[in-house]
Structures are given as C-alpha cells and as structure tokens.
Amino acid sequence: AIELAARVLAELAVVSPGEDDPLADPVASALVAVAAPMVVAADPRMEVALSVAEFGTKARAAAREAAQSGAASQESAAVVAWALARLSRSADGAALTDRAIAEGMLREVMRSGGVDGLLSASPWVVWAALELHPEGELPGEVALRDLRSATWARQIGDSVAGTGDQDYEGGIVLTAEATPPNAAHTLRALSALPAMLGDARVTPEDEVAAELARVRRSLRFVLQLMFRDEEAYLARDRDRAIGGVRPALWEPVASTDATAMGLIVISDTLRAVRARSEQ
C-alpha cells in the first residue's frame, strides 16, 4: 500500500500537457502536503522518496499560500486548516506558523457557516479542531455537538423498516429534498463522528452507548454500499470489485472516493471504540 501511495504521489508531481497542476488547487495541495511525509516516513529508502518529499514541501507551501490569500471556499478552507493543523505537529521551523494559520481559518469556518456550513465542511472542520486541541479545553465544542446533532437528525432510521426503502436505513441525507442517501453525503457526514466518539470532551461516558448505536446504524449503510458476494454479479470484474464502495445503492461501480472515505470511517470507528474501552 505504501509503495502504491508513493507511486501515485510521484506521478502527481509530474504535470503533463493537458493535466491540471494539483498544487494550483488548495484542497489537492493540502492533501498532498499531509500524504507525502506520511509515505516517506513509512519507507524512507524507497526509490521515489526524495521526489515525493520535495513534492510534499511544495504542496505545503502552496496550501499555506492558499490559506493566506483568503480566496478558498469554506469547504476548501476547512481542508487546508486540517492539513496545516496536522503539519503543525512536525518539529520544524514552519510548525508555529502553520498552527497560527490553521487556528485562524478554523475560527472563521466555525463562525461564518452555521450548522449547514459546518455540515458542508465536514469532516475536515471536526478533524482540524481535534488536531489543534487534542487535550484540555476544546474551543468550539458546542458547535461540534450541534453539528453532530444535525447529522443525526438527517439519518434515516426505523421509519423505513419493513418497507421498500429499508436498505437506506442508516444513510444520511443532507439535502432538503427527500432524495435517497448516497455515499457522498453519508460518508462525509459520518466520517467526522468517530473522532468525536473517541473524545471524552465531546462524548462523555454516559453518551457513548447512544452515540455508538447511531454510528453502528450508519456503518450498516456503508456495508450496504459495499460490493460483497451478493452484489458481485453487478461488477465487470468480481475480484477487483469486492470491498469497493459504490456511490449509491443503484450504481454498479465502485468509487475511489467512496471506498477511501468508507475505509476511513470504519478504521476511525474501530480506533475510537478501542480508545474508549481503554479509558
């Protein structure tokens, strides 16, 4: 997995004619800035380690420049804030600068968007807040709890049991229209919640069971989106499809974005449960 990630980053660093430069996009820059040092640290001896490290350095500078320009949308600003918050933990001369920028961006995102704005900036806004303040007082705690309540208010629950829509149980619908839930809405909203479940400041001990039950219901929908044996007949290549996550229940293809976010949701939930069981 590390070798494949390194190859992807190395290929992204080479911009061919007709391709978009990832460093011209704030979100792409932010994600590359976080991914590159993780990959290099996992295997510093790999052949492309130097080029990936240089790409990560350039991406970090591009993300910082995008942050200081103030031109990023609310969603993009949340991604950049999380990336800089994550990078601020590194032991280098730019760490304090990155933290200060991330703090300012996060405050602006949380202040300006209301609950709907925070939903559109999920999961990045939650990740950024917890990354900047892993212990002690958590600024914006009330806003994060309101965000979680708004997410659960949009979760499809028992009302669909025994109906033709029962496969949608656990899905999150963020739009005002009563459309069927899809991976984009459900996974982006849900991926912010395991981190909150694992943090006792946001989820006190007496709330853990109820929160875990709600997360479990949505994980059921994530599994429903996944290619398993019973859905494999839909796929052109069964072996490659198994484990992939579909954009929607009616889609016969696996999505890279949905699969990646599904993996994050499940992994983070397991991590959160482990953390709470050890407290």
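Here are my entries, one topic at a time.

**Entry 1: what I'm looking at.** I'm keeping in mind that this is a predicted model. I looked up the salt bridges and got 19 in the structure.

**Entry 2: D98 and R60.** I picked D98 and found it in a salt bridge with R60, with 2.6 Å between the closest N and O atoms. I then checked where the two sit: D98 is in helix α5 (residues 95-112) and R60 is in helix α3 (residues 49-69), so this pair ties together parts 38 residues apart in sequence.

Entry 3: Why do I call D98 buried? Its relative accessibility is 0%, and buried means under 20%. R64 comes in at 18%, so R64 counts as buried as well.

**Entry 4: D199 and R201.** Next I looked up D199, which forms a salt bridge with R201, the closest N and O atoms being 2.7 Å apart. I noted both D199 and R201 as buried. I also found a network: R145, R148, E207, E211 and R214 are joined into one by salt bridges that share partners.

**Entry 5: out on the surface.** Which residues form a nonpolar patch on the surface? I got L4, V8 and L12, with about 240 Å² of accessible area together. L4 belongs to helix α1 (residues 2-13). I wrote L4 down as partly exposed because its relative accessible area is 46%, and that label covers values between 20% and 50%.

Technical notes. Residues numbered from 1 in each chain as written. Predicted model: local features only at pLDDT ≥ 70, side-chain atom pairs only at ≥ 80, totals over all residues. Heavy atoms only, no water. Patch = residues over 30% accessible without salt bridge, like charges linked within 9 Å, V, L, I, M, F, W, Y side chains within 5 Å. Areas by Shrake-Rupley, 256 points an atom, 1.4 Å probe, with all protein chains shown as cover. Salt bridge = Lys/Arg side-chain N within 4 Å of Asp/Glu carboxyl O. Helix = DSSP H or I, 4+ residues; strand = E, 2+ residues; numbered from the N terminus. Buried < 20%, exposed > 50% of the residue type's maximum accessible area, 1.4 Å probe, protein only.
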